[in-house]
Amino acid sequence: MAAEERPTNCQYCGYDCALLARVEDGQVTGVRPDPARYPYGGEVMANCRRWPMNVEALDAPDRINVPLRRRGQRGSGQWDEVSWDEALDDIAARLTALAEAYGPRVLASAIGGPHASYWPLHRFMNLFGSPNNMGIGQICWNPRIWMDMVTFGWTVEADIVPGVTECVLVWGANPAQSDNSAFWRHICSYQERGGALVVVDPRCTEVAQIADAWVPIRPGTDAVFGLGLLNVIISEGLVDQEFVERWCVGFESLAAHVAPFSPQVVGEACGVNPQDVVRAARLFGQARAAAVVSGRGIDQVGAAVPHIHRAICCLRAITGNVDKPGACVLAESPDFTSELVMEMSDAMGERCREACLNTAVTPLQSYEGYGALRRLTERLRRVPPMRYLTSAHPHLVLKAMESGEPYPIRALVVQATNPLLTYGDSDRVRRALQGLDLLVVLEYRMTPTASLADYVLPAAAAMERPVLQVHGGVANAAYGGPAALEPLYDRRSDYDFFRELGLRLGQEGAWPEESLEEAFGAQMATAGLTWQSFCETGLYWPTPIYRKHETLGDDGLPVGFATETGKIELESRFLPRFGGSPLPQPAVGGRMDEADEAARSLVLITGARRQPYNASMYFENPRFRKSCPAPQATVSPALAKRLGLQEGDRVTVTSATGSARFQLALAEMRDDVVSVDYGWWHPEWEPGAPLLGGMEESNANLLTLCRVEEPMVGTWSYNAIPCWLEPWTGPFSWTDSYQETSEKGQAQ
Ligand SMILES: Nc1nc2c(c(=O)[nH]1)N[C@H]1C(S)=C(S)[C@@H](COP(=O)(O)OP(=O)(O)OC[C@H]3O[C@@H](n4cnc5c(=O)[nH]c(N)nc54)[C@H](O)[C@@H]3O)O[C@H]1N2
Ligand SMILES: Nc1nc2c(c(=O)[nH]1)N[C@H]1C(S)=C(S)[C@@H](COP(=O)(O)OP(=O)(O)OC[C@H]3O[C@@H](n4cnc5c(=O)[nH]c(N)nc54)[C@H](O)[C@@H]3O)O[C@H]1N2
Ligand code: SF4
Ligand SMILES: [Mo]
């Protein structure tokens with residue numbers, strides 16, 4: 001058969017760049033960037049090392065191709081190959097028996113980062129009757145969307161327009177490593193055209209290196225810094241008076257509240273030069289349009305997180321940088337079918353809602369909090385996505401698994417996540433999963449988490465399934481594209497699994513579309529598109545309109561913001577009803593309260609993004625392993641000197657939770673901080689016990705916990721954790737050579 005080029009998408013990060021796949025005799029023999037479709041074809045991909053993996057990973061020897069059923073002990077690494085029907089029938093029968101014994105809430109689910117469409121899982125869970133969907137939202141994105149929504153009535157996104165934007169504040173994010181594509185290039189060209197950049201980060205990252213001001217903040221103290229910025233902007237008269245008077249409530253209270261946070265006070269609390277506070281505030285406050293880009297650095301510091309985001313909301317508002325060109329855009333509800341509808345969230349029964357573990361512990365991140373928010377945003381016909389804003393707290397789900405309190409959770413379905421490496425306190429996660437009656441993992445390859453399962457089911461991956469990214473349903477934007485070919489072997493899309501299981505468990509009628517592609521077609525239909533017409537460009541993104549609050553409503557008055565007061569709530573009416581404060585507090589995050597002067601006097605931050613890996617993925621790639629062979633703990637040269645250590649030394653990092661081993665690297669950063677990589681394991685080792693793919697050696701989450709550290713959303717800390725660092729002279733499986741590493745692993 002002649003070779004044919006088919007449009008498809010790379011799925012190795014959330015960008016889903018457009019590709020053309022050369023298909024010959026049912027095999028993909030090559031891929032190249034597709035210049036005709038979203039997002040930016042060759043330009044983005046020129047800087048990306050991952051997309052060639054599309055060809056090699058499609059039929060790689062380590063891919064799982066058929067359903068596997070556990071034989072022998074959990075984690076023994078012994079499997080029987082079974083048919084999909086056998087697997088699905090048995091899973092359905094076991095779930096039925098468990099639900100009869102304990103109620104449907106006995107089942108939990110786990111998801112990870114934005115790798116896949118998660119609505120099929122949530123539709124299945126809603127109809128099955130369990131609210132126990134855990135994810136990582138509490139430390140990735142949720143706090144920001146919550147605080148934006150309660151302040152502005154919806155979320156906002158930075159709008160960086162070279163020539164218009166005059167200041168960009170990058171706060172706890174490093175797009176050079178986490179988003180090494182269009183967005184990072186955009187920031188660079190903005191800066192090259194003279195735009196000011198302020199970076200708040202304990203490390204002198206790539207973006208800090210090109211900044212006008214780098215604020216090397218002490219981890220976890222960002223809320224205090226935020227109050228300091230507000231203080232300077234107010235006291236130096238940099239407030240947009242007209243905007244504040246017309247569109248904000250609570251300015252007087254906010255001004256009085258931030259008055260004590262002078263640059264001196266803030267400098268002391270945050271371990272920075274008071275002049276930096278002043279400079280950052282002036283650059284932001286004097287700009288005619290200023291944008292904020294925030295990231296994981298401020299989403300993962302426990303108790304401080306909502307306060308930092310609220311301070312950022314106030315910063316945007318008092319400087320008039322809301323829904324304005326070059327500052328930010330207030331997003332809109334999608335024209336296409338929302339995730340909420342796709343998930344059939346409204347079909348959830350009362351008993352399911354009542355079983356929500358969060359309600360008593362994190363009242364905002366619960367159905368009550370969600371319901372109250374939705375009543376406000378619906379005034380402007382915006383329906384917030386439910387699953388993010390209600391997702392179950394991992395600590396509470398794990399506790400129910402461990403202790404049966406407040407009720408037993410005995411089964412777990414895992415889609416697109418590797419919780420043994422990415423959830424807090426890996427040893428605890430491992431023990432909880434080992435104790436389950438039923439663990440089902442949908443995966444591409446045998447991960448440490450999958451190695452503990454009863455069933456590992458072969459998931460269709462990039463090029464074998466269509467993809468549609470919709471930003472969780474908070475924006476009127478979608479992108480994606482078609483599969484290049486049918487799934488190889490016995491692989492199936494995650495959608496097929498949930499549909500087939502649902503049909504076996506009485507969910508007839510709820511799964512009218514036979515395939516994921518048909519379901520995406522139905523989803524786009526409400527925006528007037530077919531799947532095919534959408535795929536021509538692979539992008540649905542109507543040009544955003546600014547200053548939507550000024551639009552006139554049916555009553556002839558401006559519609560304002562979808563909050564209780566119709567204005568931006570600098571002083572929140574909403575949060576006090578759900579355990580929060582009306583004004584952002586100077587909460588210090590992380591777990592520095594555990595600091596023990598003698599034993600743990602350094603500050604740990606984990607998971608700073610580093611190409612080419614992504615969380616626990618792509619360690620199987622030999623080229624990547626050659627160029628980036630060992631997990632690193634990075635410190636400043638001054639700290640290394642003080643500890644008598646040198647670059648390349650092997651070290652043990654210890655926290656109150658556990659320890660893990662790394663290779664020492666040096667970089668410009670605060671002298672009291674240790675930054676460790678996350679996600680590291682050995683895909684080339686025999687999976688299963690006792691080594692579990694090496695997850696006990698250099699896994700950052702041996703050092704963390706996932707407690708409820710904050711009383712509204714339940715955020716926990718992956719940053720700002722007290723730690724210590726020592727030389728390690730024992731065996732260390734990571735060496736300079738990937739070859740040696742894999743031989744050692746196999747010999748063990
Ligand atoms: N290569 C790669 N890219 C990724 C990922 C990946 O695993 N690998 N993961 C993806 C995911 S899931 C996400 S959520 C995004 C995250 O994207 P980003 O938020 O850009 O993540 P990082 O690049 O780690 O940047 C976070 C920064 O916060 C800093 N930081 C740590 N603690 C603090 C603190 O207390 N205060 C302040 N102000 N800063 C602090 C760190 O030094 C780090 O530079 O990246 C995505 N992209
Ligand atoms: N210490 C520490 N921990 C962290 C972080 C940190 O910075 N520090 N960051 C946190 C953040 S922000 C995030 S988002 C999480 C990420 O956490 P995870 O999402 O758990 O991390 P990944 O390693 O990306 O896991 C994805 C797994 O799903 C599989 N997979 C990918 N796509 C699909 C798919 O479409 N279907 C199926 N069935 N499987 C798929 C991959 O093979 C891989 O094993 O980690 C969190 N954990
Ligand atoms: S940036 Fe790279 S990894 Fe991400 S989708 Fe595009 S080509 Fe793939
Ligand atoms: Mo994330």
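Helix 2 contributes the most to the lining of the second largest pocket, with 3 residues. Before going on: this is a predicted model, where local features need pLDDT of at least 70, side-chain atom pairs count only at pLDDT 80 or more, and totals for chains, interfaces and linings use all residues. Residues are numbered from 1 along each chain as its sequence is written, chains are lettered from A and ligands numbered from 1 in the order in which they are written, and side-chain values use heavy atoms, with hydrogens and water left out.

Helices are DSSP runs of H or I with at least four residues, strands are runs of E with at least two, and both are numbered from the N terminus.

Now ligand 2. It is surrounded by 30 residues, and the closest are Thr 417, Thr 422, Glu 443, Arg 465 and Ser 616; a residue counts as near if one of its heavy atoms lies within 4 Å. An N or O atom in the Arg 465 side chain is 2.5 Å from an oxygen atom of ligand 2. A backbone N or O atom of Asn 418 lies 3.0 Å from an oxygen atom of the ligand.

Around ligand 3 we have Cys 10, Tyr 12, Cys 13, Tyr 15, Asp 16, Cys 17, Met 45, Cys 48, Arg 50 and Trp 51.

Next, helix 18, residues 367-377. How many of its 11 residues are buried? The count is 8, where buried means under 20% relative accessible area, exposed over 50%, and partly exposed in between, with a 1.4 Å probe and protein chains only. Among the buried ones are Tyr 367, Tyr 370, Leu 373 and Arg 374. The buried residues pack against helix 5 (142-152), helix 16 (339-342), helix 17 (350-354) and helix 19 (386-390). At the start of helix 18, a side-chain oxygen of Ser 366 comes within 3.2 Å of the backbone nitrogen of Glu 368.

Last, Ala 656, in the loop between strand 24 (650-654) and strand 25 (659-666). Is Ala 656 buried or partly exposed? Ala 656 is partly exposed, at 46% relative accessible area. Neighbours within four places in sequence aside, Ala 656 is in contact with Glu 594 and Arg 600, contact being heavy atoms within 4.5 Å. Cys 723 is 67 residues from Ala 656 in sequence, with 7.4 Å between the C-alpha atoms.

Methods: A polar contact is a pair of N or O atoms within 3.5 Å; within protein, one must be able to donate a hydrogen and the other to accept it, and residues adjacent in sequence count only if both atoms are side-chain atoms.
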